[in-house]
Amino acid sequence: MKTLNGKTYYEKPDLNEIRKNAIFYTSHPDEDYEFLYIVTNDERKVVIQGIEALHNTLMWEFASETAINQSCIEKCHKTLQVYKGSLMHITEYNLIPSSKVTSYCDEKVENWLKSKGYEIFLDFLQKFKIKTI
């Protein structure tokens, strides 16, 4: 990580470390993301897919840049986001009887789990920034 003209820039090794820590966190959560205590292994894998998706999107930026700033990260995150109406919280999903679960419900909860993966990655990005200041 480096600072130029008062702006923080992240380099590839920084984002790789953040990815690694975020993925580890999904198996060792704290009270910030309590839902990780109740998800199945398959659901946890979807959260990790969200982390990987944001990480991969950011890695593409390094094709033309040597470091990326917060503005670039926010732009990349925005491209991955889905509308709130396309999300279903895991506890809401778990209340639906299995005979009533549709593929649309599955898609909505999957979107929610991936969005939590994005959030976890971004939280670790902020913690990394604070740690290195």
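Lysine 127 lies in helix 5 (residues 103-132); helices (H or I, at least four residues) and strands (E, at least two) are DSSP runs, numbered from the N terminus. The model is predicted: local features need pLDDT of at least 70 and side-chain atom pairs count only at pLDDT 80 or more, while totals for chains, interfaces and linings use all residues. Residues are numbered from 1 along each chain as its sequence is written, and side-chain values use heavy atoms, with hydrogens and water left out.

**Lysine 127**
- Lysine 127 has a relative accessible area of 40%, which makes it partly exposed (buried is under 20%, exposed over 50%, partly exposed in between; 1.4 Å probe, protein chains only).
- Its C-alpha is 9.1 Å from that of isoleucine 18, at a sequence separation of 109 residues.

**Strands**
- Strand 1 (residues 2-4) pairs with strand 2 (residues 7-10) in the antiparallel sense over three bridges; pairing requires at least two bridges found by DSSP.
- Lysine 2 has tyrosine 9 of strand 2 as its bridge partner.
- The two residues between strand 1 and strand 2 complete a hairpin, and asparagine 5 in the turn has a positive phi of about 50 degrees.
- Strand 2 also pairs with strand 3 (residues 68-69), in the antiparallel sense over two bridges, with tyrosine 10 opposite isoleucine 68.

**Helix 3**
- Cys72, Ile73, Cys76 and His77 are buried in helix 3 (residues 70-80).
- These residues lie on the same side of helix 3 because they cover an arc of only 135 degrees around the axis, taken from the directions from the helix axis to the C-beta atoms.
- Asparagine 69 caps the N-terminal end of helix 3, with a side-chain oxygen 3.2 Å from the backbone nitrogen of serine 71.

How values were computed
A polar contact is a pair of N or O atoms within 3.5 Å; within protein, one must be able to donate a hydrogen and the other to accept it, and residues adjacent in sequence count only if both atoms are side-chain atoms.
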